[in-house]
Amino acid sequence: MIIDVTGLKKRFKQQEVLKNITFKIEEPKIVALVGPNGSGKTTMMNCLMNLLPFQEGHIKILGKDHKDPSIFYEVSYLQDNRVLYGDLTGEDHLKFICHAQKLPIKKAKEVAEYIGMDSYAKKRVRSYSLGMKQHLLLAVAVLNNPKLILLDEPINGLDPTSSIQMRNILMDLHAKGTTVIISSHNLEEIDKMTNTIYFMKDGKILEESLEDFNVPHYTVTVSEPEKANAVFTAACLHVEQSGNRLIFSENKIPLQRAIDALNQNEIEILHIENKKIGAERRYMELFESELSS
Amino acid sequence: MRLLEFELKKLIFSKRFFYTIVLLSALVIGLFVRNVAFQELMIEEQGKQVVVYTQEAQSLLRGLNKQVEMDPKDTESAEQLKHLSRGLNALYEWKPLITSTDWQARLQFEIDFLSSMLAYKSAGGEFSMNSTEMERSFALNENLLAKGIEPELENYSTAVPNFMYQITDLYVNLGAILLLLIIAGDLLTSEFEQRSIQFLFTQPVKKSAILHSKWISMILVYLLVTAFLFSLTWLITSLFGKPGTFAYPVQGTRDSSTFISIDTYVGSSLIGTSVTILFVISLILTISLWIKHSMASLLITLLLLIGGYFIFGSITEGLNPFAYVFAGNTLKEQGYLQNIPLVISGGLAIVLYLVALVRMKNIT
């Protein structure tokens with residue numbers, strides 16, 4: 001068991017920020033935490049890492065109590081870049097981690113090279129750009145070859161090259177057996193990394209996976225969308241309409257059946273397109289009320 | 001890189017540490033330059049003061065002469081006249097020696113003048129120079145003469161020991177504490193404010209080890225700054241000043257006949273300050289763990305130290321753990337280093353540290 005969270009409740013004064021969160025991660029995977037600001041993503045990560053106390057619930061990380069500092073030999077947390085010390089160099093940070101993790105000092109150099117920050121590792125962090133800081137944070141996080149790595153919005157503000165590099169490193173870590181928990185607002189990047197997404201809203205996990213949505217979808221553009229929609233509704237089949245386009249799920253309405261139904265009702269088909277339901281689409285569905293307001 | 005090295009590097013490689021060291025150097029150099037520049041002026045001023053005293057004494061003498069002529073039975077005026085005449089004669093002898101290298105003769109005439117004027121004042125005479133000031137100068141000059149030490153201009157000396165005394169006086173009277181608070185007072189609070197403490201808390205490092213390393217690194221920074229300050233002082237005065245002697249007397253403030261030598265003063269006041277620094281470090285770390293706000297914890301610490309010094313000082317002198325917040329003043333007042341306040345201060349440092357340790361273990 002990598003993570004076992006049961007009945008986690010966290011209040012700040014009277015406001016309940018995490019409402020009875022329960023989840024388990026049993027095997028290495030990439031899990032994305034997605035939700036609007038204030039939904040409780042960072043709070044949950046901080047609770048997992050024992051950086052915030054909570055009122056109720058239990059957390060076990062890699063079979064140990066989350067308060068046990070020895071978990072950090074196998075767990076890393078990539079946080080906000082404010083945690084870095086501006087007066088020290090990147091190398092200072094890495095060497096300190098090597099000592100704290102009881103790793104040979106040469107590992108600092110190896111990781112700096114692996115992350116691609118060896119050219120500026122000896123410069124003071126205060127002179128770093130945002131991307132350089134994120135690279136250092138990533139280097140700090142991967143230095144101990146963690147079994148579990150948590151990343152709080154690591155892609156925000158990064159240029160495309162750095163984002164791709166960050167994604168590749170995380171995918172590489174996952175391939176080596178590391179469980180990655182990443183919170184991000186960049187849903188496109190999330191889609192490229194995983195379909196295990198915990199959508200969070202108001203301190204609750206609304207949904208734990210996009211696997212159900214990982215079936216083929218297609219969009220059919222028709223001449224009479226209202227008429228077409230009425231045909232499917234009459235047959236008790238749910239179809240999503242967007243302008244003159246109808247969106248179908250292959251497992252609910254196979255494409256051939258949809259074409260037949262439209263032909264029978266003499267509705268002209270203008271265009272057919274394959275479509276994957278991604279994090280953004282699901283997010284729009286789950287947070288419809290907020291988006292409309 | 002060990003945690004202690006990491007903490008120490010954070011302090012020493014900070015811009016604040018650099019600017020503090022630059023400012024400290026500028027202050028030491030500036031003070032020395034001021035002493036050099038004003039030395040002749042101060043000797044001139046001394047000469048002018050002697051002229052003023054002479055004119056005043058002459059005027060008083062004329063009045064007294066008339067008084068005695070008018071009333072030869074006025075024994076009080078006759079007594080005053082006798083002392084004033086002696087004083088005036090000493091002034092006449094003293095004046096040409098102001099710029100002379102014959103410091104023993106100069107000192108002797110100053111002593112004669114002061115003793116005559118003290119006798120004149122005790123016989124009921126009036127003179128603009130304050131009696132306490134005269135007694136203090138008299139005692140100091142006698143001590144210097146007895147020990148065969150050439151007098152130095154107070155606060156304007158360029159001699160190694162005297163300039164070191166001047167620097168020490170500034171450093172041990174709250175100066176060292178202020179410097180430490182400026183450099184490292186927010187060592188813990190800034191970590192909470194910037195959330196960098198999370199960097200340490202997400203490593204397999206015990207929270208107690210974090211506190212130990214911060215405590216030790218603050219001590220090391222204090223020692224480093226102290227060593228730098230005194231090395232710079234010694235270097236400047238050795239190169240551009242004169243040798244002098246560390247046996248030079250530092251006069252007591254409560255009893256003007258009590259003296260300690262500069263070497264004793266520097267050594268004892270630094271011991272007093274160092275113990276107080278341990279107390280201050282424990283205090284600021286403890287307060288930081290509760291308040292987690294830099295400015296507030298610094299202000300509270302300073303208020304506690306200064307308030308404690310005056311409040312405890314007025315209640316109990318011998319048991320005041322804050323006595324060596326102003327180590328120089330306390331030492332000059334007492335005339336020797338008191339052990340009990342040091343033991344209490346050191347004990348409080350340990351107690352506060354243990355309190356901080358318990359708090360740190362439970363903090364998130």
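## A charge over a ring in chain B

The charged end of B:Arg359 sits over the ring of B:Trp290, 4.8 Å from its centre. A charge counts as sitting over a ring if NZ of Lys or CZ of Arg is within 6 Å of the ring centre and within 35 degrees of the ring normal. Under this criterion the charged end of B:Lys9 also sits over a ring, that of B:Phe13, 5.3 Å from the ring centre.

## Basis of the description

This is a predicted model, in which local features need pLDDT of at least 70, side-chain atom pairs count only at pLDDT 80 or more, and totals for chains, interfaces and linings use all residues. Residues are numbered from 1 along each chain as its sequence is written, chains are lettered from A and ligands numbered from 1 in the order in which they are written, and side-chain values use heavy atoms, with hydrogens and water left out.

## Chain A overall

Chain A contains 10 helices and 14 strands; helices (H or I, at least four residues) and strands (E, at least two) are DSSP runs, numbered from the N terminus. Along the principal axes, the C-alpha atoms of chain A fill a box of roughly 75 × 45 × 35 Å.

Of the 293 residues in chain A, 51% are buried. Buried means under 20% relative accessible area, exposed over 50%, and partly exposed in between (1.4 Å probe, protein chains only). Among contacts (heavy atoms within 4.5 Å) in chain A with a separation of 6 or more, 71% are between residues 24 or more positions apart.

## Helix H5 of chain A

Helix H5 of chain A covers residues 160-175, and its end C-alpha atoms are 22 Å apart, in agreement with the 22 Å that its 16 residues should span at 1.5 Å a residue. The expected span of a helix is 1.5 Å times one less than its number of residues. The buried residues of H5(A) are A:Ser162, A:Ser163, A:Met166, A:Arg167, A:Ile169, A:Leu170 and A:Leu173. They lie on the same side of H5(A), because they cover an arc of only 160° around the axis, the arc being that of the directions from the helix axis to the C-beta atoms. On the other side of H5(A), A:Pro160, A:Thr161 and A:Ala175 are exposed.

The elements against which the buried residues of H5(A) pack include strand S3 (30-34), helix H3 (106-115) and helix H4 (130-142) of chain A. At the start of H5(A), the backbone nitrogen of A:Thr161 has a side-chain oxygen of A:Asp159 within 3.1 Å. Just after H5(A), A:Gly177 adopts a positive phi of about 105°.

## Two loop residues of chain A

A:Thr194 is located in the loop between H6 and strand S9 (197-201) of chain A, and is buried, with a relative accessible area of 9%. A polar atom of the A:Thr194 side chain lies 2.9 Å from the backbone nitrogen of A:Thr196. Not counting residues up to four places away in sequence, A:Thr194 touches A:Ile30 and A:Ala32.

A:Ser70 belongs to the loop between strand S5 (64-65) and strand S6 (75-78) of chain A and counts as partly exposed at 22% relative accessibility. Its side chain makes a polar contact with the side chain of A:Lys64 (3.2 Å). A polar contact is a pair of N or O atoms within 3.5 Å; within protein, one must be able to donate a hydrogen and the other to accept it, and residues adjacent in sequence count only if both atoms are side-chain atoms.

## Helix H6 of chain B

Helix H6 of chain B (residues 160-172) reaches 18 Å from its first C-alpha to its last, close to the 18 Å expected for its 13 residues. Because 12 of the 13 residues of H6(B) are buried, this helix is largely enclosed by the rest of the structure. The buried residues of H6(B) include B:Phe163, B:Met164, B:Tyr165 and B:Tyr171.

The cover over the buried residues of H6(B) includes helix H2 (15-70), helix H10 (207-240) and helix H11 (262-291) of chain B. H6(B) is followed by B:Leu174, whose phi is positive, near 75°.

## Aromatic pairs

Rings of Phe, Tyr and Trp (its six-membered ring) pair if their centres lie within 6.5 Å; planes under 30 degrees apart count as stacked, over 60 as edge-to-face and the rest as tilted. The count comes to 22 aromatic pairs over all chains. B:Trp94 and B:Phe113 form a tilted pair, 5.8 Å centre to centre with 40° between the planes. B:Trp94 lies in helix H3 (residues 75-94) and B:Phe113 in helix H4 (residues 103-122) of chain B, so the pair ties together parts that are 19 residues apart in sequence. B:Trp94 is buried at a relative accessible area of 5%, as is B:Phe113 at 1%.

Ring pairs also link A:Tyr85, A:Phe96, B:Phe6 and B:Phe199 into a cluster.
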